Amino acid sequence: MLILHQAGHNSKWNKDSFKKGYGDGLIISPVHNGVDVVQNLESRLKSASYFDPQFYVPDSQKTRLNSYNFFPEKMTGGFSTRDFVARAYDAAALCVDFQIENGFRGLIIPTRYYDEMITDYIDKQRVFSVEPFLSYIEKNDIDVEVYLSLPLTSAMIGDKKYRLQLLNWITSYPEITGVYLLLNFDEPLKQVCAFEKLVDYYDFVLELSNADLRVICGYCNTEAILWAIMAPYAVTMGAYENTRHFSIDKFLDDESDVRGPAPRIYFPKLLNWVRYDTAMEIREDFPRLWTKIYTPTDELEGLIESGVRPHFTKPQLYQHHFELIHAQLKEVASTGGVKNRVTLVEKWIKNANQLYGLLQDERILFSDDNCRGEHLPVWNRMLRKII
């Protein structure tokens, strides 16, 4: 199982972490990296990575996206579906050539994101990009791994008939190696706490894998630990929250105007992120409890010892996360057999619940619901469903 960095803003942190051995490559984001930046990446990094063309919002006005001559808005000079369909084969040729010339690990076919469960989803995607891309690949006898980008909503995979239609459609193309799966869970909390959504996702990944498709689970938060039980082709880890859950916000909003989140620390023993201020309160007031919940890394130790409350953009917060989540994902995937993996994660959840009990005994005040570990009972139920 590969562990890929879902790269976004400040992707230097992902690159640095990859060079240290944390992660097997990147999924590169053109909305955050203009064409010149991507072309100038080291060959070693590109050969281990994938390029996501990000056609999800084809009329996006984002400057970096429009630095690519194959992006729909750039090609049509003001996107319209009719105009783009007429040039879809030109876009496919340019986009495929770009990925091949840059020597990426494989080739990703972009598709469009729809937030409703439309009945002609497959037909729209077929005309918009899938068949133009596959036609160009076949015509030019291009021999690479081909992944279909599949941006979906929870409602789409929650409907078993709809899900089966998607599976039948994808498997009708023998030239497709796998799927780059992106799901908008649309959850109010940072962790997915909806049991049905987790089960539907897990089942869909299994269905795809059982059809001999490689599955890249994109935009994962800590639930990547659950997906690792299946040992899919790849799971991802990200820095900022918009690389740990999939939405189209970053293709629409001016991110400079978005209020930054509070700085947080990832605690693998809690299977969760905790606000930095709360973590420092525990460290100062309950040092014995701190040693039980905290897993040190060189990156975070230096940040804490500085005594300065960090801004959420401090790289140490995320490099700490990369190192620790990478270790957890590797441990799950390297454990033989689904039953043994479930037992391992069950042990982690039990330990996390016990630690949260100790925090509650000391009446630690968590300033928001995201820090409370409310996803853990859902995870536990999920594991019962698996076995």
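**Notes on the strands, helices and selected residues of a predicted model**

1. Strands β7 and β8 pair in the parallel sense over two bridges, where two strands count as paired if DSSP finds at least two bridges between them, and where strands (E, at least two residues) and helices (H or I, at least four residues) are DSSP runs numbered from the N terminus. Within this pairing, Cys-217 has Val-235 of β8 as its bridge partner.

2. Before going further, please keep in mind that this is a predicted model, in which local features need pLDDT of at least 70 and side-chain atom pairs count only at pLDDT 80 or more, while totals for chains, interfaces and linings use all residues. Residues are numbered from 1 along each chain as its sequence is written, and side-chain values use heavy atoms, with hydrogens and water left out.

3. The pairing of β7 with β8 belongs to an open sheet of eight strands, whose order is β3-β2-β1-β8-β7-β6-β5-β4 and whose pairing is parallel. Because β3 and β4 (107-109) stand at the edges with a single partner strand each, one side of each is left without a neighbour in the sheet.

4. Strand β1 (residues 2-6) pairs with β8 (residues 234-238) in the parallel sense, over five bridges, and in this pairing Thr-236 of β8 is the bridge partner of Leu-4. Helix α9 packs on the sheet, where it touches β5 (146-153), β6 and β7, and its direction makes about 170° with that of β6; here touching, or contact, means heavy atoms within 4.5 Å, and such angles run from 0 to 180 degrees between the N-to-C directions of axes, which are lines fitted to C-alpha atoms, for helices over the stretch in contact.

5. How many of the residues of β8 are buried? Five of its five residues are buried, and the word buried stands for under 20% relative accessible area, with exposed for over 50% and partly exposed for values in between (1.4 Å probe, protein chains only). Ala-234, Thr-236 and Gly-238 point one way from β8, whereas Val-235 and Met-237 point the other way.

6. Strand β5 is also mostly covered, since eight of its eight residues are buried. Val-146, Leu-148, Leu-150 and Leu-152 point one way from this strand, and Tyr-147, Ser-149, Pro-151 and Thr-153 the other way. Three bridges join β4 to β5, which run parallel, and Tyr-147 in β5 is the bridge partner of Ile-108. Helix α5 (residues 81-101) lies across β3 and β4, and runs at about 160° to β4.

7. Asp-52, in the loop between β3 (50-51) and α4 (72-76), deserves a careful look. Asp-52 is buried yet has no salt bridge, and the nearest side chain of opposite charge, Lys-250, is 8.0 Å away; a salt bridge would need a side-chain nitrogen of Lys or Arg within 4 Å of a carboxyl oxygen of Asp or Glu, and in this count Lys and Arg are positive, Asp and Glu are negative, and His and the chain ends are not counted. The side chain of Asp-52 does make polar contacts, one of 2.7 Å with the side chain of Tyr-56 and one of 3.3 Å with the side chain of Tyr-180. A polar contact is a pair of N or O atoms within 3.5 Å; within protein, one must be able to donate a hydrogen and the other to accept it, and residues adjacent in sequence count only if both atoms are side-chain atoms.

8. Lys-15, in helix α1 (residues 12-19), is likewise buried without a salt bridge, and Asp-16, the nearest side chain of opposite charge, is 8.1 Å away. Leaving out residues up to four places away in sequence, Lys-15 touches Leu-26, Leu-41 and Leu-45.

9. Phe-251 is found in the loop between β8 and β9 (264-267), and with a relative accessible area of 2% Phe-251 is buried. Apart from neighbours within four places in sequence, the residues in contact with Phe-251 include Val-31, Tyr-56 and Leu-65.

10. Most residues other than glycine have a negative phi.
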